[in-house]
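The sequence and the structure are shown first.

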Amino acid sequence: MVLKKELKILGIDPGTTIMGYGIIKCDEEKIFMLAMGFIELHKFKDHFKRLQHIFHRTLMLIDEYEPDELAIESPFYGNNIQSMLKLGRAQGTAISAALYRDLPIFEYAPRKIKQSITGNGNASKVQVANMLKYILKIEELPPRLDATDGLAVALCHYYQKNRKFSNHK
């Protein structure tokens with residue numbers, strides 16, 4: 001797969017209380033972080049209002065940064081099936097916003113993302129954040145690591161499309 005001269009990727013770490021996002025711009029030689037952040041959803045008591053907010057905020061990110069592709073973390077099974085179902089709804093809502101704007105969508109498992117960024121599929125959020133800080137020359141990490149998780153999804157997607165840049169070479 002050949003990259004066009006410039007590519008913008010929106011990465012999303014979906015969540016029902018906090019959604020992390022990161023946007024990177026890649027050219028033929030460098031990767032730049034355009035933005036990263038998180039969207040707090042716990043202020044909405046109604047789950048469906050949270051989903052509505054995810055949809056609107058995802059559309060706003062797409063309209064502001066005009067990414068070419070969306071990369072999103074797939075839900076994982078934890079101890080609580082209800083949490084997984086809610087997480088799947090959050091992911092589906094962000095995907096729906098991307099589909100609404102005709103963006104191609106790519107999904108990655110949490111282990112794949114961690115492996116791609118750190119070389120260790122069991123890496124902690126802090127290890128992923130510190131590696132991103134090094135790779136993308138981030139001066140200061142955000143207060144919530146959900147933001148760096150979203151950024152990690154975008155960078156993982158870039159590495160998957162461009163295997164010659166994998167392992168930070």
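1. Basis of the note. The model is predicted, so that local features need pLDDT of at least 70 and side-chain atom pairs count only at pLDDT 80 or more, while totals for chains, interfaces and linings use all residues. Residues are numbered from 1 along each chain as its sequence is written, and side-chain values use heavy atoms, with hydrogens and water left out.

2. Helix α1. Helices (H or I, at least four residues) and strands (E, at least two) are DSSP runs, numbered from the N terminus. Helix α1 covers residues 47-65, and its end C-alpha atoms are 27 Å apart.

3. Burial of α1. The buried residues of α1 (buried: under 20% relative accessible area, with a 1.4 Å probe and protein chains only) are His47, Arg50, Leu51, Ile54, Thr58, Leu59, Leu61 and Ile62. Their cover includes β1 (7-13), β2 (18-26), β3 (31-40) and α2 (81-100).

4. Helices α3 and α4. The axes of α3 (residues 110-118) and α4 (residues 125-135) come within 9 Å and cross at roughly 45 degrees. Axes are lines fitted to C-alpha atoms, for helices over the stretch in contact, and angles run from 0 to 180 degrees between N-to-C directions. On the α3 side the contact (heavy atoms within 4.5 Å) is made by Lys114, Ile117 and Thr118, and on the α4 side by Gln127, Val128, Met131, Leu132 and Ile135.

5. Helices α3 and α5. Here too the axes come within 9 Å, with α5 spanning residues 146-161, and the crossing is at roughly 75 degrees. The pair is therefore roughly perpendicular, the range being 65 to 115 degrees. Lys112, Ile113, Ser116 and Ile117 of α3 meet Ala152, Val153, Leu155, Cys156, Tyr159 and Gln160 of α5.

6. Positive phi values. Which backbone value sets Glu66 apart as a residue other than glycine? Its phi is positive, near 50 degrees. Glu66 lies in the loop between α1 and β4 (69-73) and is exposed (over 50%), with a relative accessible area of 56%. Lys137, in the loop between α4 and α5, has a positive phi near 55 degrees. Lys137 is exposed, with a relative accessible area of 66%.

Terms used. The expected span of a helix is 1.5 Å times one less than its number of residues. Angles under 35 degrees count as roughly parallel, over 145 as roughly antiparallel, 65 to 115 as roughly perpendicular and the rest as oblique.
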